[in-house]
Amino acid sequence: MHLSVRSVTKRFGSVTALDSVDVDVRDGEFVCLLGPSGCGKTTLLRIVAGLEDASGGTVTLDGADLTHTPARHRGFGIVFQSYSLFPNLTAGENIAYGLRLRRVAAAESAARVRTLLDTVGLPGIEERLPHQLSGGQQQRVAVARALAVDPKLLLLDEPLSALDAKVRVSLRDQIRALQRRLGLPTLMVTHDQEEALAISDRVICMNHGRIEQADTPEGLYMRPATRFVAEFVGHMNFLTREDLGRIGPIRLAGGEASGTTVLGIRPEHVRLSPDEGCGNVLSANVVSRQFLGATTRLDVDVNGSRIVVDAPGVAPHVEGDAVILALPPERIREFPA
Amino acid sequence: MSRIDVESLEKRFDEKAVVHDVSFSVPHGDLCVLLGPSGCGKSTTLRLIAGLEDPTGGQISIGGQDVTHLPAKDRRIAMVFQSYALFPHLSVADNILFGLQVRRVAKDEQTRRLAGVAALTGLTEYLGRKPGQLSGGQRQRVALARAIVSEQPVCLMDEPLSNLDAKLRNEMRLEIRALQQRLAMTMIYVTHDQIEAMTMADRIILMNDGGIEQAGSPSDLYERPASLFAARFIGAPPMNMFTAATRAGLPDGIIVGVRAEHVAIEPAFGRHDDHVVASIEYLGADAIVALRPLADPQGEHVFARVPGSRRPDSGERVTLAWLPHDEHRFDAATGLRIEGGTMTIAPKSVQKG
Amino acid sequence: MTSRSLRLDADRVFIAAIGLAIVVLLLVFVAWPMLIIVGKSLTTKTGFGLDNYWRVFGGRKFATVTWNSFAVSTTVTVITVALAFVYSYALTRSAMPFKGAFRFLATLPVFAPSLVQGIGLIFLFGRNGLINTTFDLEIKIYGFWGIVIANVLYSLPQAVLLISTALAVADARTYEAATVLGAGPVRKFFDITLPSVKFGLLAAAFLVFTIALTDFGNPMVIGADYTVLANDIYNQVSGQMNFQLGSVVAIVLLAPALLAFQIERIANKRQFALVADRSVPLAPKKSPLFDACMFVAATLIVLPIVAVIGMVVYASFVKGWPYNLTLTLDNYLNNTAQNGYEPLVNSVLVSLIAAVIGVVTTMAAAFVIRRDQGVVGRMVNGIGLLPAAVPGMVLGLAYIFAFNKATGPFSLIYDTLLMLALCNVFHYFSQGMLTASTSLRQISSSFDEASACLGGRVVDTLRLVTLPLVMPTLLAVGIFFFMRSMVTLSGIIFLVSPGTNLAAVTVMLLDDAGATTHAAAYSTLIMLVVIGSLVLLNLVLRLLGKDAPRAAI
């Protein structure tokens, strides 16, 4: 199984929502489309599903052109943000809906529904109506409904963003475990970078209808290709030429920073109270302190430039403390100004 | 001064007590967060303090004055709602000035305060717009501006950030905290998000089932959770819990908790390999590793937090280790924290090494 | 609420006082007259008893009339709901052109008294109708089918309104989920569309049934010898002055109307429980073949409505129907048979009074329901819904017994336009109150709370927040009362006197007297006044820069 999207473009009137986008989802792979709202990620997913027509480009599955195949003949499974269960059908009937369309025998269908409800961790709720279920439960039924027909590809459109924080994380883990176990190729849309990193094999970071970077979660986080990616995924301190003027020269792994680029370093890579021999040692003052549980986030001031530092555990520093910090050269990345 | 005292507060809806025996105090200028899962009674408590609901019992005083039976309009409070509750037909300026207009504050005073608040919240350019023409974050600022322009000593906030997306939420919580400190407001802030509570609060009141589970500073709650509920509610992933059934060497009736960042994983050597890496959740700066007991494939996962760049591979066999002073111990019967005691149940590998 | 309200501040007293005032009004103008009509039906020459009932039930005619009423109503219901569904489907689910025009044309019958359908049908298909004379046919429109067709045309707008509202709330994602699972258009129609509107259909069916059962104008005009219950009441009371028997028949009519009303309410509630809050609205996509089919179907359905009303307008300019089709303004200029245009002026006055009183009372009732969750609020809600179950004729008859006295406390309103206006207000009170309530409910309760936290009293909130936000609804409710008062016949038929005659009654009297072209002219003028007032209001609103309210029909 290999889904391949080539040069897909979508225009709404004079607005270009997608500008010649290429995406691949390989067998068993979990791919995320990540980006801010309006970046075109949802439109792309809907084009893959067949719910929207592309203005140009092709969608193929194992070499077969799907571009003009209607959604109902594509054999995919889809889960929406809004649950979208049929309100008049019970959970069991919802899950069996696709099976009914495929004329699967009643006994076989009932057995399949039972297995699926076990799989999503909701055994025995066949008879409940959607409005009797919580948001998280409804979404799990929606996942089971999408899986019931043995889809060739699973499409997830912000499936977690309507849920609250705790439920979101636990359902995220469940979806991921399920996907790995079934080896089901999956394409998910999200605007939550943490979700994308946590769940995917590969993340496609989009902005303004174009792909900024397609990489593994680690690649995206450790080697952001553009300033947009660095800013959108995780937190990044940026040092401009003006900042360098204030805090002094900064050494990079390959020599001194020229000042024609913007430097970036992640908060957890800034070292507090560094050992002897570290490069780029700076003295700073703590401006504010946020306790985050596993880490403490310090906002420090270096001659008028702000740097955010994440220290493990409960950092002893309080507002106004003077601290020494170091920016390890090998951790600093350069971006075009 | 505007301290808030809540004494034995109780609220029943049709015989069901949604808030019972809630007592706490917020000193002047403090930011107190009411934290808890949905349905725990935190919003009702806030609405009782605001005067939007009548308590069935107990007493509320603001600045030393008993306000229990005072209507909301006379309590000298400002409130920010989850839905913002901006008046859709009024401009941003009129929304902000609403409270001053109904309280008949002089016109030039209104103008002066509006300018000040608009500058403070970055809304100067938007004063002529209607709420419908603003983004979510801007609406949130208008709601905030409307609350602070009244210069009431007490500000109540009901999940004010839950309609914003993650990035914006992070920015706004810093802004709100900074404003609260700058204006020395006494603030009660309701949220279900433990990160929000940890980062903003001087003091957190953790609620469960209509009552107070634990009250204390953010680090108190994180480092010395008073109950199993507090231990599992605060921190992500939730604290790992071990019992005699899941870990040899533990006495009966005791549950031991260890936070994910205190669980060290070491490559296994020979007979000590007791866990297998089931899955890894990469979060950038760090990663959460889910570990499955080798002996029991159905057993509960143990979570460990490791630096994102130094994570094991899926399927790798490992040994768990942690320091004795990172253990939290709870009475299995009552769910309450057991203080003191030096007995350690840390894994053998650590004791030997 | 189990918790005692501990606070008794000025705001709560204010709300409770308004609530009690509304309750008193409803008791005096709805409950009291209804009690009296029940009493009347039990009053016999020898005292109290069921004698009147036995006499009515025992009569040979009664069984026939009851059967007639149910036969007509059932037939009308089946046809109307089917047509209204197709029409609504075209309006909401297709991308056919001219939807705005279709929406407007389907509301035309609401702008005229119900008997206009009957009059128009006779111009078309009657003995001297256009069709029969032109093609030399002998189509017989009088009787059962005449009443049925007239009532279908008359009740279609209200059914379309209910069903298209139900069809308009649809979650696009549900359809997409079904599509991806492999469902074709037919499956989606039966699996998603039909179940989602079944309560809307049910509500529409009962509403249409009630309209057909209690309509009085069309059977009068086109029924000939085919008598239904509504006519029977009129004959008993106006013809034979037999008030006791009239009240018995009225109570017989009340029973099914009450039942239908209850079922409609339950159906309405269930309908809205199905709408999820995170759904994405469905927008119909272009599909040339389907859109063309829907366009043709909608045209075929709306054509008779337009034709019938068009005939009335046409006939109003004709010298002598059907033999002298010369065009003339004579019907307008010399329309003196029934006090000229005095009834029309009366109607406008009554409608204006009803609009003002209706807006004030229904908004006050809705406000109390919204703000008082205690006993007073529930009482207003409960009693305020009662009038919806009372057919206009029954209320009118009850008003004769209760208020038509030249002495006593009600002598002040006896035989005045105010009395007629009050009858209309309370006849349509429930619908007005429901519209106002719905609109108030859409205003988030946190506005009230935000205002209170900012220091606003209830009057501040009302003045600065609530009233500006409900202004469009206020106007919509006003138009509703105005329109209904202009065209209603059944409520006021027993209450008018030569001095207080109204336009709709005049149409009936002119038609009865054989002055059909004059009746047509009078009907046309009523429609002009109603449509004109709508246009005027829209102009005013546009000048003020506000959105036009959707008229509640």
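Which residue in strand 7 of chain B is the bridge partner of B:A78? The first legend below has the reply. This is a predicted model, in which local features need pLDDT of at least 70 and side-chain atom pairs count only at pLDDT 80 or more, while totals for chains, interfaces and linings use all residues. Residues are numbered from 1 along each chain as its sequence is written, with chains lettered from A and ligands numbered from 1 in the order in which they are written.

**View 1. A mixed sheet of six strands in chain B.** Welcome to an open sheet with the strand order 6-7-8-3-9-10. Helices (H or I, at least four residues) and strands (E, at least two) are DSSP runs, numbered from the N terminus, and two strands pair if DSSP finds at least two bridges between them. At the edges stand strand 6 (77-80) and strand 10 (211-216) of chain B, each pairing on one side only. From one strand to the next, the twist averages 15 degrees. Four bridges link strand 6 to strand 7 (residues 154-158) of chain B in the parallel sense, and B:A78 has B:C155 as its bridge partner. Helix 4 of chain B packs on the sheet, where it touches strand 6 and strand 7 of chain B, and its direction makes about 175 degrees with that of strand 6. Axes here are lines fitted to C-alpha atoms, for helices over the stretch in contact, and angles run from 0 to 180 degrees between N-to-C directions. Residues are in contact if their C-beta atoms, placed from the backbone, lie within 7 Å.

**View 2. Helix 2 (residues 92-102) of chain B, mostly covered.** Eight of the eleven residues of this helix are buried, among them B:V92, B:I96, B:F98 and B:V102. Buried means that 20 or more other C-beta atoms, placed from the backbone, lie within 10 Å of the residue's own. The buried residues of helix 2 pack against helix 3 (107-121) and helix 4 (136-149) of chain B, together with helix 21 (458-487) of chain C. After helix 2 of chain B comes B:R104, with a positive phi near 55 degrees.

**View 3. An antiparallel sheet of five strands in chain B.** This open sheet has the order 13-17-14-15-16. Strand 13 (264-267) and strand 16 (302-307) of chain B are at the edges with a single partner strand each, so one side of each has no neighbour in the sheet. Neighbouring strands are turned by 45 degrees against each other on average, direction ignored. Look for strand 15 (residues 286-293) of chain B, joined to strand 16 by six bridges; B:D286 is partnered by B:P307 in strand 16.

**View 4. Helix 1 (residues 10-42) and helix 17 (residues 392-403) of chain C.** Their axes are 8 Å apart and meet at an angle of about 85 degrees. The two helices of chain C are therefore roughly perpendicular to each other, a term for angles of 65 to 115 degrees. Among the contacting residues are C:W32 and C:I36 of helix 1 and C:L395 and C:F401 of helix 17.

**View 5. Where chain C touches chain A.** Here 20 residues of chain C are in contact with 19 residues of chain A. On the side of chain C, helix 8 (172-181) and helix 9 (185-214) each supply at least two residues. Helix 8 of chain C gives the largest share, seven residues.

Methods
Two residues are in contact if their C-beta atoms, placed from the backbone, lie within 7 Å. A residue is buried if 20 or more other C-beta atoms lie within 10 Å of its own, exposed if 12 or fewer, and partly exposed in between; C-beta atoms are placed from the backbone. Angles under 35 degrees count as roughly parallel, over 145 as roughly antiparallel, 65 to 115 as roughly perpendicular and the rest as oblique.
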